[in-house]
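Take a look at the protein below.

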Amino acid sequence: MDFFLGTHAPGWLKDTRAWLFVSDRRLRSRRQLPRALGNWSLDSGGFTELQQYGSWDHGPSPHEYADRVRRYRDEIGGLLWASPQDWMCEPIVISGGTAGGGVTFAGTGLSVAEHQRRTVANYLLLRDIAPDLPFIPVLQGYRLEEYLTCIDRYGDAGVDLAGEPIVGIGSVCRRQATTEAAEIIAAVRDRVPGIRLHGFGIKTSGLASYGSMLASADSMAWSYSARKRPPLPGHTHITCANCRVWAFRWREKVLASLARHATRTPPAAHRKGAAVSRKLDAPPALAPVPAPAQGGARVSRKLDTQPAAEAPLRLALAAFRDDAARLERDATIRWAHHTAGLSIRAIAARLGLSPARVGQITAQPDQPLIETLRALRARWGVDADPATAAAADHIIATLIDTAPGTAAA
């Protein structure tokens, strides 16, 4: 699953290759835009628009929004896709009132069916007036059958959701019951085989529960958890709710957790009432996620006085690390040759390999990454000890995050 780190600060775009999720509301008033170092996607700011005003009447018109998205694409670069001006369907968005935390909703006073109609109509209009821009369709609803109705609305409009690069699924992130959200996502996937879903604003509990069913997701849960806790030691701000250090340490934990859920065991069908871990909501540690043991680094403190018992664990982790590094190297070689256009001789010279060996690697087909990593975990038994299992999670997360051509399927 591809993960977008949500941020209030568009300036981060120029400083990191990590995929970011940025709102139009944070970009629209900027005279000078940052030039993105990596990829990112755009949130239309619809939830805030409806929360404050109960309509899109105070927001940009579709033509104005399309013009801004075109500017972001051209001046910032790296834009993967943009959300339409969709209409969320949570009861409080429709009926209004005060939510937890004292946030007041104006209320739209409309029905779920009307929200869906306007969501589909806006996507069709944006696609017609700006066919060169990467707007994505978004499914809206609240109950399971309403999401299936929304699928039919797109079908009636001639939109093949299975053929779209990505389809957003809205109004699931604030649910208390992750089981209900998981059932909705599973039903959508069953109705449209091959659909690639993006989950908006997914909580950490949701990522653990149903992240394996999503092609991508974004989250700003790091900011909410930081707001409730003291700042990191040495930080002078009141909270770390806008702190890049906190955000990226939290992101490391998310990626390691996703790697664990994807590769330790085959993703099982969601079971109602299954326990969900909330460990990601804890403050990020000052040190990064434990890295693979090297040299004299400890693998497990309980084995410090038992070198004979520790040795197999160290060897298993070393073997796993070497195989993962080879997997990353080979995937990067194929990417450099097939995508970046480097010649076999140029790659061989850079890596100190023979051209014949590089030619063999480039001729190999890319293997499904998750299945390959799962097999490596089983082969070397790295999950026999919590410390080596955590180190393997970190290795996998780093590989998926940094190596070109190795995004998790």
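Predicted model: local features only at pLDDT ≥ 70, side-chain atom pairs only at ≥ 80, totals over all residues.

## The whole protein

The protein has 409 residues, and 48% of them are buried. Now take the contacts between residues at least 6 apart in sequence. Of these, 66% join residues at least 24 apart.

Helix H3 covers residues 62-76, which is 15 residues. From first C-alpha to last, H3 reaches 20 Å. That is close to the 21 Å expected at 1.5 Å a residue. Just after H3 comes Gly-77, with a positive phi of about 80°.

Which residues of H3 are buried? They are Tyr-65, Ala-66, Arg-68, Val-69, Tyr-72 and Ile-76. Seen down the axis of H3, these buried residues fall within an arc of 160°, so they line one face of the helix. What do they pack against? Their partners are helix H1 (24-27), strand E3 (40-43), strand E4 (79-82) and helix H5 (112-129).

Helix H14 runs over residues 369-380 and has 12 residues. Its first and last C-alpha atoms are 17 Å apart, close to the expected 16 Å. Gly-381 follows H14, and the phi of Gly-381 is positive, near 60°.

The buried residues of H14 are Leu-369, Ile-370, Leu-373, Arg-374, Leu-376 and Arg-377. They fall within an arc of 160° when seen down the axis of H14, so they line one face of the helix. Ala-378 and Arg-379, on the other side of H14, are exposed.

## A closer look at Arg-377

Arg-377 sits in helix H14. Is Arg-377 buried or exposed? Buried means under 20% relative accessible area. Arg-377 has a relative accessible area of 2%, so Arg-377 is buried.

Which residues does Arg-377 touch, leaving out those up to four places away in sequence? Among them are Ala-259, Arg-260, Thr-263 and Arg-264. Phe-320, Val-382 and Asp-383 are also on the list.

## How H10 meets H14

Two packed helices are described by the angle between their axes and the distance between the axes. For helix H10 (residues 244-263) and H14, the axes come within 9 Å and cross at roughly 80°. Angles of 65 to 115 degrees count as roughly perpendicular, so H10 is roughly perpendicular to H14.

H10 brings Ala-259, Arg-260, Ala-262 and Thr-263 to the contact. H14 brings Ile-370, Leu-373, Arg-374 and Arg-377. By class, this contact of H10 with H14 has four nonpolar, one polar and three charged residues.

## How H11 meets H13

Helix H11 (residues 307-338) and helix H13 (residues 355-363) form another pair. Their axes come within 9 Å and cross at roughly 85°. That makes H11 roughly perpendicular to H13.

On the H11 side, Arg-329, Asp-330, Ile-333, Arg-334, His-337 and His-338 take part. They meet Arg-357, Val-358, Ile-361 and Thr-362 in H13. Sorted by class, the contact of H11 with H13 has three nonpolar, three polar and four charged residues.

Technical notes
Residues numbered from 1 in each chain as written. Heavy atoms only, no water. Axes fitted to C-alpha atoms, helices over the stretch in contact; angles between N-to-C directions. Helix = DSSP H or I, 4+ residues; strand = E, 2+ residues; numbered from the N terminus. Parallel < 35°, antiparallel > 145°, perpendicular 65-115°, else oblique. Contact = heavy atoms within 4.5 Å. Nonpolar A, V, L, I, M, F, W, Y, C, P; charged D, E, K, R; others polar. Expected span 1.5 Å × (residues − 1). Buried < 20%, exposed > 50% of the residue type's maximum accessible area, 1.4 Å probe, protein only. Arc of directions from axis to C-beta.
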